[in-house]
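The following note sets out numbered remarks for a colleague on selected local features. Please read each point alongside the sequence and the coordinates.

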Amino acid sequence: MERPGTLFLRRSEVAALADFPAYMVAVEGAFRAHAEGRSLAPQLMHVDAVEGEFHIKAGGLLEPEPRFGIKINGSFFQNRARFGMPNIQGAILLCDASHGYPLCVMDSMEVTIQRTGAATAVAAKYLARPDSATATICGAGNQGPIQLKSIARVLPIRKAFAWDLSFDRARDFARAMTLELGFPVTAIENIGPSDVIVTCTPSKAAFLKADAVRPGTFVAAVGADSPDKQEIDPHLLARSTVVADLIEQIIHVGDTQHAIHQGLMTRAQIHAELGEIIIGRKPGRTHAQQTIVFDSTGTALQDVAAAAMIYAAARRAGKGTWIDLAS
């Protein structure tokens, strides 16, 4: 029986309760569970707001304990300049999926950053060339550091490049990452060939062009998580092997939707969901010259798996604040 009450966790507490490898295990397990039918159907809602938007993601996992979660993130990209607040902020509500009791409310930002990087790392493990030595990170914001660190954890990266609409921001990112990771990271003004390319921006127009991507590249398209966002040239998607986090999401909010809407590819041409590759139902990379795009829109399954892991760790460590919502 769960302890009566709902646990509240601040971002600092969430950050202290799990390291990146734990997120990788949780996220890979979530993809596997969904592919094996051990999940509650994930749902996605997008609501436009004045000068911003809300993303609502919900879903559940049936094992090892039945858990349901819903995450609400507000994205207001003038917040920092106008109010001195984060541009993206939100919370996750984790419930027991056997009777619905709200187990935990936690800040969503640390979970979102870590589980998104973990999804890229898991995808790279199955889809990138094992000898990938160079990486390009497009976007030097919140996701940039975790994306580069996640790639470097699973691949033998020896050199990286940083691109951003602000060259100064790319240069600052490159300096910091060079010091942290111990291999050279160089700021660039134009995106060129690389073994791995990650796009993690809020862009609403494609900037990664087909001619900048050579055969054999693994591309993780992370930023397009609402209908009006776009990072990838639709022609690049049409000529690549496309792997989804969730097919039902990428045809509505991912980069793939733009290629489909332009008639350059169909839903049937999406190769697989990542979970299908993890369990061996579909093949991953089959040859060195295969260009693979992982359309990563972010799923509630990742959030639930990570939140459940954090909740369990908090209970073991005696962290957080308990309240009784029903009293």
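**Notes on selected residues and helices**

1. Gln257 lies in helix α9, residues 256-261. Helices here are DSSP runs of H or I with at least four residues, strands are runs of E with at least two, and both are numbered from the N terminus. Gln257 counts as buried at 4% relative accessibility; buried means under 20% relative accessible area, exposed over 50%, and partly exposed in between, with a 1.4 Å probe and protein chains only. Apart from neighbours within four places in sequence, Gln257 is in contact with Ser226, Pro227, Lys229, Ile250, Ile251 and His252, contact meaning heavy atoms within 4.5 Å.

2. On the basis of these remarks: this is a predicted model, in which local features need pLDDT of at least 70 and side-chain atom pairs count only at pLDDT 80 or more, while totals for chains, interfaces and linings use all residues. Residues are numbered from 1 along each chain as its sequence is written, and side-chain values use heavy atoms, with hydrogens and water left out.

3. Ala244 belongs to strand β14, residues 241-244, and is buried, with a relative accessible area of 0%. Neighbours within four places aside, its contacts are Ile250, Ile270, Ala272, Glu273, Leu274, Phe294 and Asp295.

4. Helix α4 has 19 residues and reaches 27 Å from its first C-alpha to its last, close to the 27 Å expected at 1.5 Å a residue; the expected span is 1.5 Å times one less than the number of residues. Because 17 of its 19 residues are buried, α4 is largely enclosed by the rest of the structure.

5. Within α4 (residues 109-127) sits Arg115. How accessible is Arg115? At 3% relative accessibility, Arg115 counts as buried. Its side chain makes a polar contact of 2.8 Å with the side chain of Asp303. A polar contact is a pair of N or O atoms within 3.5 Å; within protein, one must be able to donate a hydrogen and the other to accept it, and residues adjacent in sequence count only if both atoms are side-chain atoms. Beyond four places in sequence, the contacts of Arg115 include Tyr23, Val27, Lys57, Lys71, Gln302 and Ala306.

6. Helix α11 covers residues 300-317; its 18 residues should span 26 Å at 1.5 Å a residue, and its end C-alpha atoms are 25 Å apart, which agrees. With 14 of these 18 residues buried, α11 is largely enclosed by the rest of the structure. Just after α11, Gly318 takes a positive phi of about 70°.

7. The axes of α5 (residues 143-154) and α6 (residues 167-181) come within 11 Å and cross at roughly 35°. Axes are lines fitted to C-alpha atoms, for helices over the stretch in contact, with angles from 0 to 180 degrees between N-to-C directions. The contact is made by Gly144, Pro145, Leu148 and Lys149 of α5 and by Phe173, Met177, Glu180 and Leu181 of α6.

8. Most residues other than glycine have a negative phi, and most peptide bonds are trans. Glu51, in the loop between β2 (39-49) and β3, has a positive phi of about 60° although it is not a glycine, and is exposed, with a relative accessible area of 52%. A cis peptide bond, with omega about 0°, joins Glu63 and Pro64; Pro64 is placed in the loop between β3 (52-61) and β4 (67-75).
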